[in-house]
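Colleague: I would like a close look at one part of this model. Please take the aromatic residues and what surrounds them.

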Amino acid sequence: FKTLEAGFEAWNRSDIDAVMESFCEHVVWRTGAQMPEIDLVYEGSDGVRRFFKEFTDPWMRSRSRSRT
């Protein structure tokens, strides 16, 4: 749970490097079809970084948090 919470905290700081520390280099990120301008699958660290950029570019700030 601490790893997940640290990931949310990193996301809220816009610290993508810290977020990426919780993923292996061969990560596969699946988004679903809810966001038509976002790819369905991003592969590897570079792919997930690209997802974060594409997802956040339209927004000035994005916040997430875990429910405890």
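How many aromatic pairs does the structure hold?

Modeller: The structure holds eight aromatic pairs. Rings of Phe, Tyr and Trp (its six-membered ring) pair if their centres lie within 6.5 Å; planes under 30 degrees apart count as stacked, over 60 as edge-to-face and the rest as tilted.

Two notes on the source. This is a predicted model, in which local features need pLDDT of at least 70, side-chain atom pairs count only at pLDDT 80 or more, and totals for chains, interfaces and linings use all residues. Residues are numbered from 1 along each chain as its sequence is written, and side-chain values use heavy atoms, with hydrogens and water left out.

The protein chain has three helices and two strands, taken as DSSP runs numbered from the N terminus (helices H or I, at least four residues; strands E, at least two). Along the sequence the pattern is α-α-β-β-α. Of the 68 residues, 24% count as buried. Buried means under 20% relative accessible area, exposed over 50%, partly exposed in between (1.4 Å probe, protein chains only).

Back to the pairs. One of the eight aromatic pairs is Trp11 with Phe55. Their ring centres are 6.3 Å apart and their planes sit at 45°, so the pair is tilted. This pair links distant parts of the chain: Trp11 lies in helix α1 and Phe55 in helix α3, 44 residues apart. Trp11 is buried, at 10% relative accessible area. Phe55 is partly exposed, at 23%. Phe51 and Phe52 also pair: centres 5.5 Å apart, planes at 55°, so again tilted. Phe51 is buried at 5% relative accessibility, and Phe52 is buried at 4%.

One aromatic cluster takes in Trp11, Phe23, Trp29, Tyr42, Phe51, Phe52 and Phe55.

Now the core. The largest nonpolar core has ten residues: Ala10, Trp11, Val19, Met20, Val27, Ile38, Tyr42, Val48, Phe51 and Phe52. Such a core is a set of buried Ala, Val, Leu, Ile, Met, Phe, Trp, Tyr and Cys residues joined through side-chain atoms within 4.5 Å. Helices α1 (2-12), α2 (16-20) and α3 (44-56) each supply at least two residues of this core. The largest share, three residues, comes from α3. In soluble globular proteins, nonpolar side chains tend to be buried together.

Val48 ties into both sets. Leaving aside neighbours within four places in sequence, Val48 is in contact (heavy atoms within 4.5 Å) with Met20, Phe23, Val27, Trp29 and Tyr42.

Last, the largest pocket. It holds about 240 Å³ of space. A pocket is found on a 1 Å grid over the protein atoms alone: an open set of points where a 1.4 Å probe fits, with protein on both sides within 12 Å along at least five of seven lines, and lining residues have an atom within 4 Å of a point. Of the 13 lining residues, Phe8, Trp11, Val19, Trp29 and Phe52 are the closest to the centre of the pocket. Helices α1 and α3 each supply at least two lining residues. The largest share, five residues, comes from α1.

Terms used
Grid points are joined across faces, edges and corners, and a volume is the space filled by probe spheres set on the points.
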